[in-house]
Amino acid sequence: MMSEVTTPQVRPARPYFSSGPCAKPPVWDASKIATESLGRSHRAKIGKTRLAYCIDLMREMLQLPDTHRIGIVPGSDTGAFEMAMWTMLGAKPVTTLAWESFGEGWVTDAAKQLKLDPTVIRADYGQLPDLTEVDWSNDVLFTWNGTTSGVRVPNGDWIADDREGLSFADATSAVFAYHLPWDKIDVATFSWQKVLGGEGGHGVLILGPRAVERLENYTPAWPLPKVFRLVSKGALAEGVFKGETINTPSMLAVEDAIFALEWAKSLGGLDGLKARSDANAAALDKIVSEREWLSHLAADPASRSKTSVCLSVAGADADFIKKFAGLLEAEGAAYDIAGYRDAPPGLRIWCGATVDTADIEALGPWLDWTYAELRK
């Protein structure tokens, strides 16, 4: 009986299961962060060198082809994606896909802020819309991995090779966890705070050649804030993609990202990161499969996230989930695992590479204990 479950004796060694900011790499220690660039101008040789090194490491870890440029920009993933929208949309009709809160945010931006009257293709939380409905004569906006629903696109096969429009992928919970088909992606954005376990506030913008062509040959009808401007005198501001950031970056955050990227390289790069994430997701899936009261919000394994895994708890409402997460936090067994505020009441457990599989496994008995305690 659930009421007979005893308090587990083993706690996760690192109970950090938040879906952003996410757990730091397991070897992380503040004393290990390089500090030589701190207190220096980011325009000084040391600042430029470290920013360029960070970009080079990202390219190597992502297995990104030379055809694509990488820039560090302000405003986390949100800032990076909005920069892409405001600078490139308007040249063609727009289709927006939404199956969770961040996708809905891009719908709002396209419809209410930029007033582009987009075609909107939606699905409920836990579901993926019919990707065959997408018209690739349009620019298409989508989240590769829906952080708040635990639903991802299974691959890039649905993205047309002969597309006329651009593909805009909000990929913040996907990069460094999946092998992404870069030939299918014209624009991608992410934040260090997800799979790398880095600090928030900085976004990364990746541009393919078709996106660069759009930037250099199209001028939006609306004014652009300085922090969004990627073109100077009709040409791409190449310096942005070599570490000459538009605004002042936090070199501490940059050094923290470098630490995470060097850790990733020590694991074997993307393959090593993906293997850790896959193992974590498999361990959590085993926990779910062994409990009748626990289920995946994303029913289809083919479109289920391997990073931000969202779970449904039988009979739970928002108040029950709040108490559930609060009790686990009070016990030091799991931090920040309540589902996103706009999602159906449930749990959300990060399974990205910075989490250790042993900690996922240790979480199972604590979920049992908490469920039993709240049902007494």
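Is Lys184 buried or exposed? I looked it up, and at 10% relative accessibility Lys184 counts as buried. The cut-off for buried is under 20%, so 10% falls below that limit. I note here that this is a predicted model.

**Entry: Asp161 and Lys184**

I looked for the partner of Lys184 next. Lys184 forms a salt bridge with Asp161, and the closest N and O atoms are 2.8 Å apart. I then checked where the two residues sit. Asp161 is in the loop between strand S6 (151–152) and strand S7 (167–170). Lys184 is in the loop between S7 and strand S8 (187–191). The pair links distant parts of the chain, 23 residues apart. Asp161 counts as exposed, at 63% relative accessibility. I wrote a reminder for myself: side chains of opposite charge can pair when their charged atoms come close.

**Entry: Asp186 and Arg210**

How many salt bridges does the structure hold? I found 21 salt bridges. I picked the one in which the side chains of Asp186 and Arg210 meet, at 2.9 Å from N to O. Asp186 lies in the loop between S7 and S8 and Arg210 in helix H4, so this pair ties together parts that are 24 residues apart in sequence. Asp186 counts as buried, at 3% relative accessibility. Arg210 counts as partly exposed, at 27%.

**Entry: helix H4**

I stayed with H4, which spans residues 209–217. Which residues of H4 are buried? I listed Ala211, Val212, Arg214 and Leu215. They cover an arc of only 160° around the axis, so they lie on the same side of H4. I recalled the general rule for this. An α-helix has 3.6 residues a turn, so residues three or four places apart point the same way.

**Entry: Arg291 and Asp368**

I moved on to another salt bridge. Arg291 pairs with Asp368, and the closest N and O atoms are 2.7 Å apart. Arg291 is in the loop between helix H6 (270–289) and strand S12 (294–296). Asp368 is in helix H8 (residues 357–374). This pair also links distant parts of the chain, 77 residues apart. Arg291 is buried, with a relative accessible area of 13%. Asp368 counts as buried too, at 16%. I then looked for further partners. Lys286, Glu290, Arg291 and Asp368 are linked in a network of salt bridges.

**Entry: the positive patch**

Which residues form a positive surface patch? I noted Arg43, Lys48, Lys226 and Arg229. I followed up on Arg43. Arg43 is in the segment before helix H1 (45–62). Arg43 is partly exposed, with a relative accessible area of 39%. A patch residue needs over 30%, so Arg43 passes that cut-off.

**Entry: backbone checks**

I ended with the backbone. The peptide bond from Gly20 to Pro21 is cis, with omega near -10°. Pro21 lies in the segment before H1.

Next I checked phi. Phi of Asp117 is near 50°, a positive value in a residue other than glycine. I placed Asp117 in the loop between helix H3 (101–113) and strand S3 (119–122). Asp117 counts as exposed, at 70% relative accessibility.

Lys233 also has a positive phi, near 55°, and is a residue other than glycine. Lys233 lies in the loop between strand S10 (231–232) and strand S11 (235–236). Lys233 is exposed, with a relative accessible area of 88%.

Definitions and conventions
Residues numbered from 1 in each chain as written. Predicted model: local features only at pLDDT ≥ 70, side-chain atom pairs only at ≥ 80, totals over all residues. Heavy atoms only, no water. Patch = residues over 30% accessible without salt bridge, like charges linked within 9 Å, V, L, I, M, F, W, Y side chains within 5 Å. Areas by Shrake-Rupley, 256 points an atom, 1.4 Å probe, with all protein chains shown as cover. Salt bridge = Lys/Arg side-chain N within 4 Å of Asp/Glu carboxyl O. Lys, Arg positive; Asp, Glu negative; His and termini not counted. Charge placed at Lys NZ, Arg CZ, Asp CG, Glu CD. Helix = DSSP H or I, 4+ residues; strand = E, 2+ residues; numbered from the N terminus. Buried < 20%, exposed > 50% of the residue type's maximum accessible area, 1.4 Å probe, protein only. Arc of directions from axis to C-beta.
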